[in-house]
Amino acid sequence: MINTELNNVRLKKNKRKIISFIIKGIDKKEISKSDIALFLLAFFISKASIMGNLTPFGIAFITSYSLKYNPKISMLLATSIGTITVHGLSSYKYIIPMITIYLVMNVLEIKKGKMFFGILAASILFTFKFMMMIGTSFYLYDLMIFIFEAIIVFAISFIFTYSVDSLDSIKNRLFTNEEMISSVIMLSIAVTGASGISLFNLSLMDILGVFLIMFFAYTRGISMATVVGVSMGLISSMSKVDMPYIVSIYAISGLLSGIFKDLGKIGIIIGFTIGNIIMSFYINGISKELIGFKEMIIASIIFFLISKNISKVGNKIIVGADKGYLVEDVYSNRIKDMTFRRLNEFSGVFKELSDILKQVSYKKDILEEDDISLLVDSAANEICNKCSMNRICWQNDFQNTYNNMIEIIIKLEKKGSMTEIDLPELFYKRCNNKNQFIEKINNIFKIYRLNYKWERKIIESRQMVSQQLEGVSTIIEDLAKEIYSDIRFKEEVERAIFSELKKEDIPIKEITVTESKEGKFEIYIDLNISTNKERMIRKVINVASEVIGYRLIRDRFSTSDLEYDKGVKFKLIKSNRYSSVTRVAVGYDNKNYISGDSYTFGERQNNYYAVLSDGMGRGETAKAESSVTISLLEKFLEAGYDKELALRTINSILVLKSNEEVFTTIDMSILDLYKGNAQFIKIGSAPTFIKKKDRVEIINSHTLPVGILKEIDFNIYESNIEDGDFIIMMSDGLLDSNEESDDKEKWMENIIRNINSKNPQTIADTILKNSINISTEESQDDMTVLVTKVWKKR
């Protein structure tokens, strides 16, 4: 009796729990994009059928989803609707087992593992169908089908338990190979559920299937594309006679898509098309399309149009077998995202500060209307208040007095100071304190002009700081873009180089090969050595170059300290197509042993630069100004500043540096040794001569040196460089040495044309010698020649 009562209480309790659970699921009104996607996924999975009319996948999905997540009535509703679209009134054979499983798992709260619930779901489906069969005439075949369907439910629910883990978020999430393959199987089943749905006589299943294979070929490569192809072919054709053919077509097409991945989007499309054509021709001579060509074209167009978004999603799906490595990779991606955001925030702050400082404007004229009124009031208050004529001047005849004061202020602005003869006639006759007034008004204006001068200096300093902040903002923004750029790791190349280095007994610790979308190729190498580092690095370069197929060089700006005794890390980059070298010849005037010219040259990544600066004047002063210019320019370029911004900043510094006239010329040549072109930036400098095999080109400009005007004006010239070119830069002392020539550029051109040597030092010495020989003691100035030879690597 007591047991009966307890059982009734438990039944009532479970009944209330079931009702409240269903009401709770129905009352949940918030619908997100992910809810809609899950609903459609469950719908199509439950529609997928095998062997004609078996649809066990909806039961497997409900089982695995309910095992992992909080119960959702929407999932039960989606699978039920999907089943109804296939079986109609007969769908109760699947819906009742689904509801049973749903309630058992979510209401009774049984805590068991994946295996238990897989067996439970299979048992419920088999038991229900077997009970429906009792009392009717049936064959052994029917019983075998029930057993087969139960086995399918058990197997697929077990597989789905791996794939449903990814349904909450696929971005920056760790995927094992098991999870990824299970997810592929789930998607393949969902795509199969779209069979029978046509849009404009086009099979939706074929379009989605082809797109899915191309997606995984583009994002995950050959192995995953093949797995998707096999899954799609197997599941979609399980009830068809030509199943082996369909499986082989999808598998081969997926395989070729992955193989052609290195050719990009077009390559993947071509690979799939070739696979489809080859297998179709082999099977039936293309008399029958197993994968429709129209559907394949539509899927290819969709893939091509949204491939950029595909790449972003695919790069955040991380797959592998090594858990430790994968976790590290996930964290690396997260850190990359955080760093990108933080750097952009910093860049935005500096840009905003720069914009704020730019908005500060200064007065174009010393005196504006408000300033004149202030000066008049200041003079009247300090001088006229105590004067006996104050009432007559400022009350009885205010207008004439005020006009006279304005006239005095205007003369002050033009002349800088006042004397008695500058006073207006009426003011001169009436004023009793002329000398005191003149002294006072001169002092007031002097103070005002001094304040105005310093105000301009402060504002110009703000503008220079604004330029600096803008430069820093640009550098940080470029750094953020470089960090977040789409970089592909070339694992095949890594293995090939690693293997060759091991054969040479080189103690390689780690190697990473990357290639960006722009074609920037870099190899990062970590060697476990403590001695003979330079020799070992050269050996690594030779081995790596032989594997890659073209010459590599070490990036000198990305090499660890060779004096450090615990290994060495360095980066290899593509060798440039051109090489260059610069030689210099310097001559001094007769009175100084210090040249006012300064120069520098060097190579950074693919660019080679040579800069010559001629400080105005002679001796130590000129040397100091040109040295400051060269030193600042070197630091700005090495820091990654834009060259134009660097030049404007240097000009502002020289303008603000001293009250004296301090200015210097800048002559800069920048050679792109990979592309084979050159830029020439000239600011007040002498012409640049380019000695080619059959002619001499002259690059000239007519701009003022830096440090004179607040706004700098410079010209940028572009030209192609050829094998055997000599770029000759010189200070104006060489051209000015020939006082007799009317066309000094022509005279220098003839000298350069007649030099037959291919040695840049000989060319520089010859030019300098000719200039010194023709100069006089009065005309001889500092002379500097930079000759840069360019040649193509063989």
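Among contacts in the protein between residues at least 6 apart in sequence, what percentage join residues at least 24 apart? In this predicted model, the share of such contacts that join residues at least 24 apart is 69%.

## Overall composition

The protein contains 27 helices and 19 strands, and buried residues account for 45% of its 794 residues.

## An open antiparallel sheet

An open sheet is formed by 5 strands in the order β11-β12-β13-β14-β17, with antiparallel pairing. Because β11 (597-604) and β17 (715-720) stand at the edges and each has a single partner strand, one side of each is left without a neighbour in the sheet. From one strand to the next, the twist averages 10 degrees.

Strand β11 is joined to β12 (residues 607-614) by 8 bridges, the two running antiparallel, and Glu603 stands opposite Tyr608 in β12.

## Aromatic rings

The count of aromatic pairs comes to 7. One of them is the edge-to-face pair of Phe43 and Phe44, at 5.2 Å centre to centre with 75 degrees between the planes; Phe43 is buried, its relative accessible area being 17%, under the 20% cut-off.

Phe126 and Phe130 form a stacked pair, 5.8 Å centre to centre and with 15 degrees between the planes. These two residues are separated by about one helical turn because they lie 4 residues apart in helix α6 (residues 114-133). Phe126 is partly exposed at 27% relative accessible area, and Phe130 is partly exposed at 31%.

Phe61, Tyr65 and Phe160 form one aromatic cluster, while the charged end of Lys265 sits over the ring of Phe304, 4.9 Å from its centre.

Terms used: Residues are numbered from 1 along each chain as its sequence is written. This is a predicted model: local features need pLDDT of at least 70, side-chain atom pairs count only at pLDDT 80 or more; totals for chains, interfaces and linings use all residues. Side-chain values use heavy atoms; hydrogens and water are left out. Buried means under 20% relative accessible area, exposed over 50%, partly exposed in between (1.4 Å probe, protein chains only). Contact means heavy atoms within 4.5 Å. Two strands pair if DSSP finds at least two bridges between them. Axes are lines fitted to C-alpha atoms, for helices over the stretch in contact, and angles run from 0 to 180 degrees between N-to-C directions. Rings of Phe, Tyr and Trp (its six-membered ring) pair if their centres lie within 6.5 Å; planes under 30 degrees apart count as stacked, over 60 as edge-to-face and the rest as tilted. A charge sits over a ring if NZ of Lys or CZ of Arg is within 6 Å of the ring centre and within 35 degrees of the ring normal.
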